[in-house]
Amino acid sequence: MAIFSVPNIQVKGVSAAVPKQVEDNKDFELLTENERALFISTVGIRYRRVAPTGLTASDLCQSAAEKLLADLNWNREDVKILVFITQTPDYIIPNTSSLLQHKLGLSKNCIAFDVNLGCSGYVYGLSIVGSLLQNMPGGKALLLVGDISTTTISMQDKSTAPLFSDAGTATALEFSAGSEIHFNIQTDGKEFDDIIIPGGAYRNGFNEKQLAYTEYAKGISRNDLHMKLDGIKIFNFGLREVAPNIETLLSEKNIEKEDIDYFVFHQANLLMLESIRKKLKVASEKVPYSLHDYGNTSSATIPLTMVANLNGELKSGKLKLLLSGFGVGLSWGSAYLETENIICPQLIEI
Amino acid sequence: MIPTFSKLHVNMELEDFVKRFADCFHQTPLSGFKPETEFAKLEEWGSMMTLIVIGMIDADFGKTITSDDLKNATTIASLFEIVKSK
């Protein structure tokens, strides 16, 4: 396990943006009425936000960042780092972070790069940005995390279509002597194809055959440019790996579980998250869920849940937070951090 | 014939497993669950029920079962045997 601490870093603000367009899983035609009810009560997802054509993950992140920068009253010249974590970039080439650096009016003296990660991306992003920023006294950074996963799924695939939703988020971090964030990050590439879009990149370069739909089971049809998700394997992965990862971090860093105010999980599946919560023996009021209203927004679920569910407390108090992301890669990790009176604008709808 | 203690114990375990299995379901009546029940043929069985049963076995028995295990187990009793063998 990669257990480490990043000193002298503080989160100063978090914001999030979602598309206005709402899809209701009660209307999802590939499931029967009983199946829809069972899906909503078990997986926990009722509504999903869907980006219209032309609205990208970077657009959502840009809106979140503009609002955050304005509310922080930061001088944009002071932002020295921009990291964009997404699996749905604007282009294959170039890196979308360069476009965002320009659109946000940041200085040319700014590190900007993309990171291809999904469910674990927010925890990773905090560790990457924090590691860079700790060597820049006085420095400020933006971590932009978001995806438009609805563009990657087949609407004829009941194993993915009712799960995914779109969002973009922005997190402001600053050099701050004395503060510290702790991490435990893990990877298992052996299971890389449990969540995969097999075609369209460079291992299986695009060809017309990849557009042909295959019916894998009743209600599960997709082509090779769509996301495939092995639900049972991912469910077992979550049950097996997440709680030990968190327990190890807390134990290694001598953090008392009882002292943590909130455990903010990647919003994958209510049944899985409740199983993890029970394994950790954490009270339900300490585990906020946003997936009923916003679905699985991939890398964005953790900051989106912070904005949607913990907005008031983040703005006006001290919080001890345990964040945990897990999924595609397979990649998973947890982070422990403390916040105090951070900037947290209301959720933006575009 | 009076069952031996171990045989009785195993039967009780199976009975408990069938009950816990049945508790995962919402629409199928309790009378529909017996050790010999071919669960994949139940009208209520589907992908959601698969996750619920996997979650139950993980939480109550501390065992992980795969999609292959569920395909290989035709009845609740045979699923119980697979769980016990892990």
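What percentage of the 86 residues of chain B count as buried? In this predicted model, 20% of the residues of chain B fall into that class, whereas in chain A buried residues make up 51% of the 350 residues.

**Chain A as a whole**

- Chain A contains eight helices and 15 strands, and its radius of gyration is 19 Å, close to the 20 Å that the globule rule gives for 350 residues, so chain A is as compact as a globular protein of that length.
- Taken along the principal axes, the C-alpha atoms of chain A fill a box of roughly 55 × 45 × 35 Å.

**Chain B as a whole**

- Chain B has four helices and zero strands, and its pattern, when read along the sequence, is α-α-α-α.
- Among the contacts in chain B with a separation of 6 or more, residues 24 or more positions apart account for 47%.

**Where chain B touches chain A**

- On the side of chain B, 13 residues are in contact with 14 residues of chain A, and the largest share of these chain B residues, nine of them, comes from helix H2 of chain B, which covers residues 47-61.
- Sorted by class, the side of chain B that touches chain A consists of five nonpolar residues, seven polar residues and one charged residue.
- Helix H2(B) has 15 residues and reaches 21 Å from its first C-alpha to its last, which is close to the 21 Å expected at 1.5 Å a residue.
- The buried residues of H2(B) are B:Ser47, B:Met48, B:Met49, B:Leu51, B:Val53, B:Ile54, B:Gly55 and B:Ile57, and just after this helix B:Gly62 takes a positive phi of about 65°.

**Two helix pairs in chain A**

- Two packed helices are described by the angle between their axes and by the distance between those axes.
- Helix H5 (residues 231-252) of chain A packs with helix H6 (residues 270-280) of chain A at an angle of about 35°, and their axes are 9 Å apart; the crossing in which H5(A) passes H6(A) is right-handed.
- On H5(A), the residues that make this contact are A:Phe235, A:Gly238, A:Leu239, A:Val242, A:Ala243 and A:Ile246, while H6(A) supplies A:Met272, A:Ser275, A:Ile276, A:Lys279 and A:Leu280.
- Divided by class, the contact of H5(A) with H6(A) has eight nonpolar residues, two polar residues and one charged residue.
- Helix H2 (residues 57-72) of chain A and helix H3 (residues 96-103) of chain A also pack at an angle of about 35°, here with their axes 11 Å apart, and H2(A) and H3(A) cross in a right-handed way.
- From H2(A), the contact takes A:Ser58, A:Cys61 and A:Gln62, and from H3(A) it takes A:Thr96, A:Leu99, A:Leu100 and A:Lys103, so that the classes come to three nonpolar, three polar and one charged.

**Backbone details in chain A**

- Most residues other than glycine have a negative phi, and most peptide bonds are trans.
- A cis peptide bond joins A:Ile93 and A:Pro94, with omega at about 5°, and A:Pro94 lies in the loop between strand S4 (79-85) and H3 of chain A.
- Another cis peptide bond links A:Gly329 to A:Leu330, with omega at about -10°, and A:Leu330 lies in the loop between strand S13 (318-327) and strand S14 (331-340) of chain A.
- Although A:Asn73 is not a glycine, its phi is positive at about 60°; A:Asn73 is found in the loop between H2 and S4 of chain A, and it counts as exposed because it has 7 C-beta neighbours inside 10 Å, where 12 or fewer is the limit for that class.
- A:Ser298, which is not a glycine either, has a positive phi of about 60° and is placed in the loop between helix H7 (291-294) and helix H8 (301-315) of chain A.
- A:Ser298 counts as buried because it has 34 C-beta neighbours inside 10 Å, and 20 or more are needed for that class.

Definitions and conventions
Residues are numbered from 1 along each chain as its sequence is written. Chains are lettered from A and ligands numbered from 1 in the order in which they are written. This is a predicted model: local features need pLDDT of at least 70, side-chain atom pairs count only at pLDDT 80 or more; totals for chains, interfaces and linings use all residues. Two residues are in contact if their C-beta atoms, placed from the backbone, lie within 7 Å. The radius of gyration is taken over C-alpha atoms; the globule rule is 2.2 Å times the number of residues to the power 0.38. Axes are lines fitted to C-alpha atoms, for helices over the stretch in contact, and angles run from 0 to 180 degrees between N-to-C directions. A crossing is left-handed if the near helix is turned anticlockwise from the far one by less than a right angle, and right-handed if clockwise. The expected span of a helix is 1.5 Å times one less than its number of residues.
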